[in-house]
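This briefing is intended for reading beside the sequence and the three-dimensional structure. It treats the topics in turn, from individual side-chain pairs to the chain as a whole.

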Amino acid sequence: MPLREIKRLRALDRFLSIQFENEKEVRDLVQLAAEVCSAQIASITILDTVAPHFHYNWGITPENNYWHEAFSDIPMVGQRPFIVQDTWQEPKLLDNPYVLGAPFIRSYVNVPLLTHDEHKVGTLCVLSDHCLTLSETQLSMLSILAKQIVQLFELQASIMLLKEKLEDV
């Protein structure tokens, strides 16, 4: 396994083990991402080697929160936003049950979550039941929100590490 991937997995492990004392800030940023894009759903996806982990979902209810399973084949690679403006025009999604049925997802956008050392640990995603045409300003705002989310995760990971070290003293 390449050294860069090992370092990414270490960063990912920090993110997956985080237990926020106050998750409100992260939830507010996820909600803001949806509102900035006029989207009905937003979520944070953390990527490990086995499966994506979906956190801080906004705009979905417990009975319809399996939408992410149907979108797990969408690329989450690269340093730039990935945009599916119209799911009806994306061959991979034509038979997707969440495109054809509730919640009738028509657009999908994901923005990478990059650590301070450029490791991609996940995405901030927004989904909508109508075609989204995002402006450069909206895409820039999503990128800023993604950076803020990563900074909150990294801050909490640092706090947890300091607490552990204090317990050892």
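**Salt bridges**

Asp86 and Arg106 are both buried. In this predicted model, their side chains meet in a salt bridge, with an N to O distance of 2.7 Å. Asp86 belongs to the loop between E3 and helix H4 (97–100), and Arg106 to the loop between H4 and E4, so the pair ties together parts that are 20 residues apart in sequence.

- The count of salt bridges comes to two.
- Asp28 and Lys24 also meet through their side chains in a salt bridge (2.7 Å, N to O).
- Asp28 and Lys24 are four residues apart in helix H2, which means that about one helical turn separates them.
- Asp28 is partly exposed, its relative accessible area being 35%.

**Strand E4 and its partners**

- E4 is largely enclosed by the rest of the structure, because seven of its eight residues are buried.
- Strand E3 (residues 82–84) pairs with E4 in the antiparallel sense, over three bridges.
- Within E4, Asn110 is the residue that stands opposite Phe82.
- E4 and E5 run antiparallel and are joined by eight bridges.
- Pro112 has Thr123, in E5, as its bridge partner.
- Five residues lie between E4 and E5 in the hairpin that they form.
- Glu118, in the turn of this hairpin, has a positive phi of about 70 degrees.

**Nonpolar cores**

- In soluble globular proteins, nonpolar side chains tend to be buried together.
- The largest nonpolar core has 27 residues, of which Ile44, Leu113, Leu124, Val126, Leu142 and Ile149 touch the most other members.
- Two or more residues of this core come from each of helix H2 (24–37), strand E1 (41–47), strand E4 (107–114), strand E5 (120–128) and helix H5 (136–168).
- Another core, of nine residues, lies apart from the largest one; among its members are Ile41, Leu93, Ile105 and Leu127.
- Beyond its neighbours within four places in sequence, Leu113 is in contact with residues including Ile44, Ile46, Val121, Leu124, Ala146, Ile149 and Val150.

**The chain as a whole**

- The protein chain contains five helices and five strands.
- Along the sequence, these elements follow the pattern α-α-β-β-α-β-α-β-β-α.
- Of the 169 residues in the protein chain, 41% are buried.
- Among contacts between residues at least 6 apart in sequence, 65% join residues at least 24 apart.
- The protein chain exposes about 9600 Å², and carbon and sulfur atoms supply 56% of this area.

How values were computed:
Residues numbered from 1 in each chain as written. Predicted model: local features only at pLDDT ≥ 70, side-chain atom pairs only at ≥ 80, totals over all residues. Heavy atoms only, no water. Core = buried A, V, L, I, M, F, W, Y, C linked by side-chain atoms within 4.5 Å. Buried < 20%, exposed > 50% of the residue type's maximum accessible area, 1.4 Å probe, protein only. Contact = heavy atoms within 4.5 Å. Pairing = 2+ DSSP bridges. Areas by Shrake-Rupley, 256 points an atom, 1.4 Å probe, with all protein chains shown as cover. Salt bridge = Lys/Arg side-chain N within 4 Å of Asp/Glu carboxyl O.
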